[in-house]
Number of protein chains: 2
Amino acid sequence: MILAPGKKVLALSGGVGGAKLALGLARVLEPEQLTVVANTADDFEHLGLHIAPDLDTVMYTLAGLNNPQQGWGLAGESWQCLDALAALGGEDWFRLGDKDLATHLQRTEQLRQGRSLSQVTRDLCGKLGVQTRLLPMTDGPVRTMVQCAAGEMPFQQYFVREQCRPVVTGFRFDGIESARPQPEILQLLQGQELAAVIICPSNPFVSVDPILKLPGLRQALLDCSCPLIAVSPIVGGEAIKGPAAKMLRELGREVSAAAVAEHYHGLVNTFVLDEDDATLAAGIRASGMDVTVAPTIMRSLDDREQLARVLIDVAGGET
Amino acid sequence: MILAPGKKVLALSGGVGGAKLALGLARVLEPEQLTVVANTADDFEHLGLHIAPDLDTVMYTLAGLNNPQQGWGLAGESWQCLDALAALGGEDWFRLGDKDLATHLQRTEQLRQGRSLSQVTRDLCGKLGVQTRLLPMTDGPVRTMVQCAAGEMPFQQYFVREQCRPVVTGFRFDGIESARPQPEILQLLQGQELAAVIICPSNPFVSVDPILKLPGLRQALLDCSCPLIAVSPIVGGEAIKGPAAKMLRELGREVSAAAVAEHYHGLVNTFVLDEDDATLAAGIRASGMDVTVAPTIMRSLDDREQLARVLIDVAGGET
């Protein structure tokens, strides 16, 4: 055991990168020691289905069912329905696999019957054998709108349909003013069990910010006595995956881990940099943030576990 | 050409048996000479999808995409989604194939956008290469409720979930009072082009009656000068497929083609009996109905075409 019994870790995650670290944490902690909160601001309604890409990526990854090559969706997926839908002239820009469809059908049906997204997520995790507590950041609707020169568009339209091509000028999280953070998050932050809050190496603008901007959450994080640790999603001036680097550039910021650290300034206690970016450590430290340099690129399962151990060590765990 | 140019046939159909004859008719007539009306009273909402089993069976059959062994659904179908749904604890009693799901997703999405069932059907047929005009009997919701000792249940629950086990006492077509027959049906019946109306060998209680009981349709059929021809779905005291024989028995009627003829008495001009039932012809004729004896069991494509030719001959076509 690397964390004292009764102690817990709260991880805030987007999709792929966050899911990798969540899996590493799940493998080195006891099931009851880890709670993962997934961004749901990239959820959307498509073909009448409630689709929750980040939540599902984390769920499938924790279940060991994810497709590691493509980074999203299920391993061994088939595409019979999508191919037939395309032949019927239906919308096929969002790649819905046959098995993945079952998740969306079941979630949508359960939501229609009045269950909350967190209840449905708990059920789905149970059926898939996920022992980690996985929470949608809120049960209410929050939707990321990507602001571009031509106006704003829903996140999945930007991300999947437009392949992140439009130049970004900002983001708006529709519905966030009236959204309530998942009560379990606040309970954890207000309790005595938490050893650390970890911001996974996810996109700071569209994966982490929607969670941090939930009403009351930032203040609850500031009020919490445990360390808040963030892992940089930018390594060597590039994003490991996704449009984070492109967004930094288009928003006029430096494309570096240092810019991400700056983004989290005033909230995060310890910033975790990849070894490739060790030269940035001094500058970030000078801004008043602790810095830990570690291998953060998670290619293997060992990499995931190793990074998890480093983070728990930073949190003061018993390594 | 077996029917004079400009002359048309209107066929009323349920699922499998009706679809076989519809295909036979489609193969011996020119595309513009045939309109097929499918029962939609066995449509239902399932997992948020609008499912139209009879309409789809006819559509898939006319497109040459149907699964001839199982009688419903698509050939070469896969079941990845349904298997995954079952693993998630979802409802898997209604067998939704991966390709078939695309039809339901696309139809439901189009209906949600405000299009009518007949418009959506026309589009789907176009995409699948179906040249025959296929019409849902109505664009409004009509739902067959099967009455049993224990109460009534929606048709698909009786038919699929309960495998037709409950003893039937009657039927109710929920919503039929306010349903409007598809306008094209009435236009055909009121026009001069129709050579015959053919009631396919479908279940008289749950496939044909919902069509016949649409407000104004029976009167329009009676007012129409062209012959109304019905093909018996009962041969040798058994239904070729489905619960028609069981229903006749439970309703206290004789299980025979003669009982079906009696059911259509006062409406149908010519009743088409299988050769196996030739001895019943005299009795049916005595009741005032014309009778044609012909091979009605459609095993091969030739059988389907042959029966279609017999019916057009009965209608006075130029064979």
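Glu305(B) counts as buried, at 12% relative accessibility; here buried means under 20% relative accessible area, exposed means over 50%, and partly exposed lies in between, with a 1.4 Å probe and protein chains only. Before I go on, please note that this is a predicted model, in which local features need pLDDT of at least 70 and side-chain atom pairs count only at pLDDT 80 or more, while totals for chains, interfaces and linings use all residues. Residues are numbered from 1 along each chain as its sequence is written, chains are lettered from A and ligands numbered from 1 in the order in which they are written, and side-chain values use heavy atoms, with hydrogens and water left out.

Let me stay with Glu305(B). Which side chain meets that of Glu305(B) at 2.5 Å, N to O? The partner is Arg27(B), and the contact is a salt bridge, that is, a side-chain nitrogen of Lys or Arg within 4 Å of a carboxyl oxygen of Asp or Glu. Glu305(B) belongs to helix α13 (residues 301-314) and Arg27(B) to helix α1 (residues 16-28) of chain B, so this pair ties together parts that are 278 residues apart in sequence. Helices are DSSP runs of H or I with at least four residues, strands are runs of E with at least two, and both are numbered from the N terminus. Arg27(B) is partly exposed, its relative accessible area being 47%.

Glu305(B) also forms a salt bridge with Arg309(B), where the closest N and O atoms are 3.6 Å apart. Both residues sit in helix α13 of chain B, 4 residues apart, or about one turn of the helix. Arg309(B) has a relative accessible area of 32% and is partly exposed.

In chain A, a network of salt bridges links Arg27(A), Glu305(A) and Arg309(A).

Elsewhere in chain B, the side chains of Arg172(B) and Asp174(B) meet in a salt bridge at 2.9 Å, N to O. Arg172(B) is partly exposed at 33%, and Asp174(B) is partly exposed at 34%. Over all chains, the structure holds 22 salt bridges.

Where does Trp79(A) lie in chain A? Its place is the loop between α2 (53-62) and α3 (80-87). Trp79(A) is partly exposed, with a relative accessible area of 21%. Leaving aside residues up to four places away in sequence, Trp79(A) touches Gln70(A), Trp72(A), Arg95(A), Leu96(A), Gly97(A) and Asp98(A), where contact means heavy atoms within 4.5 Å. Val36(A) is 43 residues from Trp79(A) in sequence and 30 Å from it in space, C-alpha to C-alpha.
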